[in-house]
Amino acid sequence: MEAAMGLMRRMPPKHIDTALSALLSLLPQHSSDLLSQVDQPLQVLCDSEYGKEFILCEYNRDADSYRSPWSNIYHPPLEDGSLPSVELRKLEIEANDIFAVYRDQYYEGGISSVYMWEDDNEGFVACFLIKKDGSKTGQGRRGYLQEGAWDAIHVIEVGPDEEGTTNYRLTSTVMLSLTTDNESAGTFSLSGSIRRQMNMKLPVQEGHLCNMGRMIEEMESKLRNSLDQVYFGKTKEMVCTLRPPAEIVMRLPDS
């Protein structure tokens, strides 16, 4: 199992589904652990009742059905699927509306979904998902890439209230893949994933959504900076080393 997880951490996002399927066939006894611990590229389904798309993941799946955050109904229909409590469902609806505004301002399009459920520690867990297709044929407003996807998964464990404060544990994963194809630069492909965690103890005066929103905003800023430095920065450094731009090539003086 440890070797399987190490392999999946090094797997490019676009090959995760294939690799995970192969591991499930090799290690059927660890299927539940693999499915719960391996973050897969996000898939999308349309809620026929509301006519709106929602994101599929392990956090809204029950058996082979997925719950829509818009209608609170499983697709395909599932009679005994698990549902959040009435109070938590109200918070989930509000979170989806607010997160859609956040997604539109930061990502200029894309799809977002928020799911919440009770845990065993008298608290709850919230999952915030964003999927952005940045390709020329995607839903992005400025599609320059031949292929491109950004999948962000933010899972926040919210503890019970303790004298006006609550413990929040955020685990965030971002999966990035992009491919360019043009005459001047040729074909270039870059993909990878990054995961970070954050723990904070915050007052609940302004509400859970405000606290969770600030944490996600701060974490996404850190993740974008890390991706820019690690993936784009190192790639640019290597390309400039191997093929220095013409303007910085020193010319020998005329003899």
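Contact here means heavy atoms within 4.5 Å, and helices (H or I, at least four residues) and strands (E, at least two) are DSSP runs numbered from the N terminus. The structure is a predicted model, in which local features need pLDDT of at least 70, side-chain atom pairs count only at pLDDT 80 or more, and totals for chains, interfaces and linings use all residues. Residues are numbered from 1 along each chain as its sequence is written, and side-chain values use heavy atoms, with hydrogens and water left out.

**Helix α4**

The buried residues of α4 are covered by elements that include β4 (65-67), β6 (111-118), β7 (124-133), β8 (147-158) and α5 (208-242). Buried means under 20% relative accessible area, exposed over 50%, and partly exposed in between (1.4 Å probe, protein chains only). By that cut-off the buried residues of α4 are L88, R89, L91, E92, A95, N96, F99, Y102, R103 and Y107. Seen down the helix axis, they fall within an arc of 150°, so they line one face of α4; the arc is that of the directions from the helix axis to the C-beta atoms. Exposed residues V86, K90 and Q105 sit on the face of α4 turned away from its buried side.

Helix α4 spans residues 86-107, 22 residues, and reaches 31 Å from its first C-alpha to its last, close to the expected 32 Å at 1.5 Å a residue. The expected span is 1.5 Å times one less than the number of residues. Just after α4, E108 has a positive phi of about 55°.

Two strands pair if DSSP finds at least two bridges between them. An open sheet of five strands runs in the order β6-β7-β8-β9-β10 with antiparallel pairing. β6 and β10 (186-203) are at the edges, each with a single partner strand, so one side of each has no neighbour in the sheet. Direction ignored, neighbouring strands of this sheet are turned by 10° against each other on average.

α4 packs on the sheet, touching β6, β7 and β8, and its direction makes about 155° with that of β6. Axes are lines fitted to C-alpha atoms, for helices over the stretch in contact, and angles run from 0 to 180 degrees between N-to-C directions. α5 lies across β6, β7, β8, β9 and β10, running at about 145° to β10.

Strand β9 (residues 165-182) is mostly covered, with 13 of its 18 residues buried. β8 and β9 form a hairpin with six residues between them, and E163 in the turn has a positive phi of about 55°.

| Strands | Bridges | Opposite residues |
|---|---|---|
| β9 and β10 | 18 | L178 and L190 |

**Aromatic contacts**

Rings of Phe, Tyr and Trp (its six-membered ring) pair if their centres lie within 6.5 Å; planes under 30 degrees apart count as stacked, over 60 as edge-to-face and the rest as tilted. By this rule there are five aromatic pairs. In one of them, F99 and F128 are edge-to-face, at 5.1 Å centre to centre with 70° between the planes. F99 lies in helix α4 and F128 in strand β7, so the pair ties together parts that are 29 residues apart in sequence. F99 and F128 are buried, and F99, Y102, Y106 and F128 form one aromatic cluster.
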